[in-house]
Amino acid sequence: MSDKVYRHGELLEKVNSPDDIKKLNYTELNQLSEEIRKFLLETVSKTGGHIASNLGVVELTLALHKVLNAPRDKIIWDVGHQTYVHKIITGRKDVFGTLRQLNGISGFPRTDESPYDAFNTGHSSTSISAALGMARARDLKGETYTVAAVIGDGALTGGMAFEALNDAGMSRTKLLIILNDNGMSIAPNVGGLSRYLNRVRVRPLYYRTRESMQAFIDSLPRTGKRVRKLIHKIKGAMKSMLIPSMFFEELGFRYFGPIDGHNIKEMVSVLEQAKTMKGPVLVHVKTVKGKGYSFAEDKPDIFHGIAPFEIETGQVLKPGSLNYSSVFGNKLCELAQKDNDIVAITAAMTDGTGLRPFKEAFSKRFFDVGIAEQHAVTLAAGLAMGGVKPVVAIYSTFLQRAYDQILHDVALQKLKVVFAIDRCGIVGDDGETHQGIYDISYLYTIPNLAILSPATPNELEEMLEYAVLKHQGPIAIRYPRGSGHEIPGSHTPLEFGKGVVVKEGKDVTLIGIGYMLNIACEAAELLESEGISCEIINPRFLRPADDDLILESARKTGKVVVIQDAIKNGGFGSYATELISNKELNARCLVLGLPDKGIEHGEKSLVLRKYGLDAAGIKKSIKEMFK
Ligand SMILES: Cc1ncc(C[n+]2csc(CCOP(=O)(O)OP(=O)(O)O)c2C)c(N)n1
């Protein structure tokens with residue numbers, strides 16, 4: 001082994017593809033790991049991003065690329081938030097500074113970004129299904145490459161992962177699954193499987209004993225049938241003595257582990273062996289989330305996904321002001337003080353959804369179900385049927401998972417479930433897989449569901465109070481990421497199915513949904529300065545919409561513009577257009593929203609500008625109507 005001493009950064013400088021990793025010995029790979037950690041910190045402290053998860057997989061990523069031959073061999077990263085190291089060593093080191101910025105590289109794997117990204121991910125628990133599909137396609141086509149899925153213990157709590165394990169285990173398909181087990185989802189992981197993994201992690205005795213036993217058996221001369229049967233029985237008894245049941249083996253996987261996910265040599269040796277197996281194999285790797293950066297190791301939840309921070313102190317550079325999530329969480333606590341029936345559900349996002357104070361104050365009425373949005377919604381249906389008042393807080397993008405549960409379990413039965421839908425609209429840096437721009441359209445197809453959209457934090461509080469205390473039946477409140485501010489002018493109390501006129505005008509009606517109302521007001525100022533008088537409406541209820549208000553304004557101005565932070569088709573804008581055209585008014589309706597294609601990552605204001613949804617863009621589109 002070489003004992004050459006390298007200048008810091010020297011090894012990383014030389015690495016441009018996985019072939020360069022294959023040339024390095026273990027001393028060099030260990031040094032490269034340290035260089036990568038430093039590089040990760042220097043970059044992500046400026047761009048923000050998923051630092052803790054990436055610090056945890058540095059050695060694992062190097063070991064995988066040393067053993068596998070990507071891009072011929074396929075690596076599918078579950079969620080995909082932990083692919084920074086993979087990106088750095090697969091030719092994207094020089095553009096890594098553009099991470100998550102408009103026109104820069106994505107924070108998630110993208111097949112259109114690199115041939116080394118085998119499958120796009122962003123939402124959790126998809127990797128095993130995708131890997132199994134690719135492996136089956138490989139077999140059907142008579143090809144021979146390796147397909148590997150890398151899945152965290154958090155992602156393993158998602159129902160899809162279980163469905164895929166169930167299928168893959170018995171399939172006999174050659175498939176490699178790496179379980180990256182750090183005991184953490186965003187916060188500490190939850191559920192029975194997590195407890196089981198913890199027991200496996202802290203009791204490696206069984207595996208060591210089993211391995212020594214296997215070696216002993218292998219060393220025996222060929223024995224007779226009866227002796228082999230006896231050995232088999234002893235093995236089974238020993239297994240059930242040390243570990244009650246071996247989950248993955250029972251499902252049909254060959255299991256290796258748990259192994260140290262920071263020991264490249266050990267991982268390479270196990271992966272080499274696993275790669276030669278004929279059927280499905282699971283390699284259980286133990287890692288430390290945030291490894292090598294003390295602040296992230298101490299608080300892996302805070303450093304899971306973080307805004308730009310100072311490396312020396314671990315402090316976020318621009319702490320956010322009171323955001324919609326905290327307004328929601330605090331208001332829910334206030335309501336829960338008064339009403340013992342209120343319960344809250346999260347799918348592994350206690351902090352993101354602002355439910356931490358609720359969890360602390362009302363632990364018995366709080367349920368973190370793991371990354372299991374579908375289960376969260378049907379659990380809520382059951383709770384509602386049982387007579388309590390469930391509030392399910394889920395991000396818009398992740399609620400997509402639970403479409404049928406909303407429709408089939410909640411809405412058709414008209415159950416009183418409150419959906420607190422966070423991160424609606426453009427979410428910014430996480431990009432295409434995380435945009436909350438489809439919810440209005442898909443929720444519009446759900447029967448019996450009321451859909452509300454607050455334009456200000458105060459409105460969110462009012463709507464939540466209405467939804468929890470007064471409304472009968474299913475109701476959804478969609479609100480954006482980040483903070484908001486109040487709109488000047490007198491306040492009209494919330495009334496079911498009623499919108500409000502924020503400002504009267506005569507030439508054109510601007511209907512701004514949620515935070516787009518603020519931008520509509522800015523656009524109206526620009527238009528007014530050019531002599532176009534604008535009426536501005538806050539619809540508040542997207543469903544049932546305030547038809548009278550919309551029609552009255554349409555009659556007055558003859559031009560209605562719906563401005564929404566969502567795709568144009570199928571939602572409120574389409575509804576308003578149809579409403580106006582059905583009444584055969586002499587009025588036009590224009591919908592300003594997003595095209596129904598994926599919308600890229602980048603700072604929210606820049607993305608809005610790109611799609612003509614900033615004040616200047618809106619003004620331009622409206623002026624066209626006057627030509
Ligand atoms: C369907 C879905 N729900 C929620 C999330 C948000 N989310 C992103 S990463 C994560 C935790 C993943 O934990 P794990 O798989 O153990 O990876 P780690 O970051 O610990 O390495 C969650 C809940 C998501 N990406 N997809």
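Which side chain meets that of Asp139 in a salt bridge? The partner is Arg138, with 2.9 Å between N and O; a salt bridge is a side-chain nitrogen of Lys or Arg within 4 Å of a carboxyl oxygen of Asp or Glu. Arg138 is buried at 2% relative accessibility, whereas Asp139 is partly exposed at 40%. Here buried stands for under 20% relative accessible area, exposed for over 50%, and partly exposed for values in between, with a 1.4 Å probe and protein chains only.

The model is predicted, so local features need pLDDT of at least 70 and side-chain atom pairs count only at pLDDT 80 or more, while totals for chains, interfaces and linings use all residues. Residues are numbered from 1 along each chain as its sequence is written, and side-chain values use heavy atoms, with hydrogens and water left out.

The domain assignment divides the chain into domain 1 (10–188 + 252–298), domain 2 (324–480) and domain 3 (500–625); such bounds come from an automatic or database domain assignment. Between the C-alpha centres of domain 1 and domain 2 the distance is 32 Å. Their contact, meaning heavy atoms within 4.5 Å, takes 18 residues from domain 1 and 14 residues from domain 2. Together the two domains bury about 1300 Å², of which 48% is on carbon and sulfur atoms; buried area is the accessible area (1.4 Å probe) that two parts lose on being put together, summed over both. On the side of domain 1, Arg100, Phe108 and His123 supply 39% of the area buried against domain 2, more than any other three residues. Three salt bridges are counted between domain 1 and domain 2.

The next topic is a set of paired strands. Helices (H or I, at least four residues) and strands (E, at least two) are DSSP runs numbered from the N terminus, and two strands pair if DSSP finds at least two bridges between them. Strand E4 (residues 254–260) has five of its seven residues buried, so the rest of the structure largely encloses E4. E4 runs parallel to strand E5 (residues 280–286), joined by five bridges, and Tyr255 has Leu282 of E5 as its bridge partner. From E4 the chain passes through helix H13 (residues 264–275) to E5 in a right-handed β-α-β crossover; right-handed means that, with the strands pointing away from the viewer, the path from the first strand over the helix to the second runs clockwise. E5 is itself mostly covered, with six of its seven residues buried. E5 also pairs in the parallel sense with strand E3 (residues 175–181) over seven bridges, where Leu179 stands opposite His284 in E5.

Helices also contain buried residues. Thr43, in helix H3 (residues 26–47), is buried with a relative accessible area of 9%. Leaving aside residues up to four places away in sequence, Thr43 touches Phe96 and Gly97. In helix H19 (residues 403–411), the buried residues include Ile406, Leu407 and Val410. The buried residues of H19 pack against helix H17 (373–385), helix H18 (396–399), strand E9 (418–424) and helix H20 (439–443).

Finally, the whole structure holds 31 salt bridges. One of them joins Glu530 to Lys623, with the closest N and O atoms 2.5 Å apart. Because Glu530 lies in the loop between helix H22 (516–528) and strand E14 (534–538) and Lys623 in helix H26 (residues 615–625), this pair ties together parts that are 93 residues apart in sequence.
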